[in-house]
Amino acid sequence: MSKDGKPCPWKVENGELLIAGGDCWTKEQFASCQLHIEWMSAPETKGNSQKKGNAGVFFMDRYECQMLDCYNNPTYADGMTGCIYGQTPPLVNAVRPAGEWQTYDIIFTAPKLKDGKVVEPAYVTTFVNGVCVQVHTKIMGPTKHKNITNYDGVFPEKAPVRLQDHKNDPPVRVRNYWVRPLP
């Protein structure tokens with residue numbers, strides 16, 4: 001669904017979801033969860049660095065694990081596929097060439113709260129195309145671009161997962177997307 005609760009504007013073409021028309025959120029809210037997504041940017045995608053095949057998965061609508069066509073497309077380390085955006089680069093660039101399906105598997109451990117305040121941070125373990133690129137990596141707070149973050153403030157116990165639209169031309173494609181809650 002869109003942020004205002006309307007149906008997701010993305011289109012399905014040949015059984016694939018085209019990320020185009022703005023970000024979309026899950027109806028269900030999640031805390032700790034396992035996510036699987038397969039995505040692809042086309043070889044003719046325009047742009048370079050962060051403007052080529054760019055999307056992202058936001059857990060609890062706060063913590064981004066980047067999706068980016070970073071095969072032979074230099075960008076900053078904490079902006080590559082498999083990074084915790086703006087915080088922790090992946091251990092290795094495991095992205096395949098554009099036009100090939102990428103597989104992203106993420107175990108997200110939600111922050112532990114007491115009275116809405118974070119007492120233990122969130123963590124991720126991430127696999128890109130079967131290669132481990134994050135191992136129980138601490139998330140320093142909500143992800144931001146070129147800004148320091150922390151866990152100041154009040155945080156929810158659960159929130160939707162968001163898939164980000166960076167208005168790629170042509171759009172990033174998605175298939176076999178699922179999320180399941182973890183204890």
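The dialogue that follows sets values against definitions.

Tutor: This is a predicted model, in which local features need pLDDT of at least 70 and side-chain atom pairs count only at pLDDT 80 or more, while totals for chains, interfaces and linings use all residues. Residues are numbered from 1 along each chain as its sequence is written, and side-chain values use heavy atoms, with hydrogens and water left out.

Student: What makes Cys-8 and Cys-24 a disulfide?

Tutor: A disulfide is a pair of cysteine sulfur atoms within 2.5 Å. The sulfur atoms of Cys-8 and Cys-24 are 2.4 Å apart, and the two residues form a disulfide. The pair links distant parts of the chain, 16 residues apart: Cys-8 lies in the segment before β1 (11-13) and Cys-24 in strand β3. A search of the whole structure finds one disulfide.

Student: Why is Cys-24 called buried, and what is said of Cys-8?

Tutor: Buried means under 20% relative accessible area, exposed means over 50%, and partly exposed lies in between (1.4 Å probe, protein chains only). Cys-24 has a relative accessible area of 6%, and is therefore buried. Cys-8 has 31%, so Cys-8 is partly exposed. Cys-70, at 4%, therefore counts as buried, whereas Cys-132, at 28%, counts as partly exposed.

Student: How do you know that β5 and β6 pair?

Tutor: Strands (E, at least two residues) are DSSP runs, numbered from the N terminus, as are helices (H or I, at least four). Two strands pair if DSSP finds at least two bridges between them. Strand β5 (residues 55-59) and β6 have five bridges, in the antiparallel sense. Phe-59, for instance, stands opposite Tyr-63 in β6. Four bridges join β5 to strand β12 (residues 159-165), also antiparallel. Gly-56 faces Gln-164 in β12, and its bridge partner in β6 is Gln-66.

Student: Why are β3 and β6 described as standing at the edges?

Tutor: The open sheet has four strands in the order β3-β12-β5-β6, with antiparallel pairing. β3 (24-30) and β6 (63-67) each have a single partner strand, so one side of each is left without a neighbour in the sheet.

Student: What makes β5 mostly covered?

Tutor: Five of its five residues are buried. Ala-55, Val-57 and Phe-59 point one way from β5, and Gly-56 and Phe-58 the other way.
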